[in-house]
Amino acid sequence: MTDEVYDKIVYDDPHVSFLGAGYDKVIMLNSFSKTFAMTGWRIGYVLSPHKEAMEQVTKMQYYVTACSNDAMQYAVLEAMEKASSYPDEMRIEFQTRRDLITTRLNQMEGVSCHEPKGAFYVFPKFEIPGLNSEQLAIEMLNEGVLCSPGSAFGASGEGHLRFAYTISAHEIDRGMDRVKTVVDRLRSTNLSH
Ligand SMILES: Cc1ncc(COP(=O)(O)O)c(C=O)c1O
């Protein structure tokens, strides 16, 4: 099973799908949540060359959801017909935001951030002694910045935070000013103890 919901938000190289890569049992899951910013509208699709698997999926899907609701099907149709350039425009916009947020984070003392190749999340590492990622996420929240603690993604995520750059460049800049304020304050108190 291959989850390719970010297939239209890949920056530096073209997206390579597992579907059509020579595997006969691949089941691809996709969604309009990211492609057309339709998160929460609950509409996506499953594709597979494996006939028997698709028959079973169809059977199960019928009894679980019957079908996605009419309004959302018309919304997707409208998006595909009238906004087919939107995913490309957004990929370019997300790339600008990615460059901004990774640059801002890497400029901060005690913070290091990889540049993501796709999607719209960064996962920077924070060197702040005495605080786990959940406590750090609460500190950020108190300053008005919402993010996820790295530990929510498994033990090796500890020490990291996850930020989504789905907001404007201006808002990212404002948010990063606040992140810097928190990091500088915590490092100056915690490193001196
Ligand atoms: C990798 C991945 N797959 C699937 C989903 C869920 O997509 P949907 O909104 O269609 O349920 C998400 C949403 O955050 C995601 O990040």
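Here is a friendly conversation about how the terms apply to this predicted model.

Student: What should I know before reading any values?

Tutor: This is a predicted model, where local features need pLDDT of at least 70, side-chain atom pairs count only at pLDDT 80 or more, and totals for chains, interfaces and linings use all residues. Residues are numbered from 1 along each chain as its sequence is written, and side-chain values use heavy atoms, with hydrogens and water left out.

Student: Why is Ser 48 called buried?

Tutor: Buried means under 20% relative accessible area, exposed over 50%, and partly exposed in between (1.4 Å probe, protein chains only). Ser 48 has 17% relative accessibility, so it counts as buried. Ser 48 sits in the loop between β3 and α1 (51-64); helices (H or I, at least four residues) and strands (E, at least two) are DSSP runs, numbered from the N terminus.

Student: What makes polar contacts of the side chain of Ser 48?

Tutor: A polar contact is a pair of N or O atoms within 3.5 Å; within protein, one must be able to donate a hydrogen and the other to accept it, and residues adjacent in sequence count only if both atoms are side-chain atoms. A polar atom of the Ser 48 side chain lies 2.7 Å from the backbone oxygen of Val 26, and one lies 3.0 Å from the backbone nitrogen of His 50. Counting contact as heavy atoms within 4.5 Å, and leaving aside neighbours within four places in sequence, Ser 48 also touches Leu 19, Val 26, Ile 27 and Met 54.

Student: How do you know that β2 and β3 pair?

Tutor: Two strands pair if DSSP finds at least two bridges between them. Strand β2 (residues 28-31) and β3 have four bridges, in the antiparallel sense. Among the partners in β3, Leu 47 goes with Met 28 and Tyr 45 with Asn 30. β1 and β2 are joined by two bridges and run parallel, with Asp 3 opposite Leu 29. The open sheet has the order β1-β2-β3, and its pairing is mixed.

Student: Why are β5 and β7 edge strands in the other sheet?

Tutor: That open sheet has three strands in the order β5-β8-β7, paired antiparallel. β5 (121-122) and β7 (148-149) each have a single partner strand, so one side of each is left without a neighbour in the sheet. Two bridges join β5 to β8, and Val 122 stands opposite Phe 163.

Student: What makes a nonpolar core, and which residues of the largest one touch the most other members?

Tutor: A nonpolar core is a set of buried Ala, Val, Leu, Ile, Met, Phe, Trp, Tyr and Cys residues joined through side-chain atoms within 4.5 Å. The largest has 27 residues, of which Leu 105, Phe 126, Met 140, Phe 163 and Val 179 touch the most other members. α5 gives the most to this core, with six residues. Another core lies apart from it, with seven residues, among them Phe 36, Met 38, Met 72 and Ala 79.
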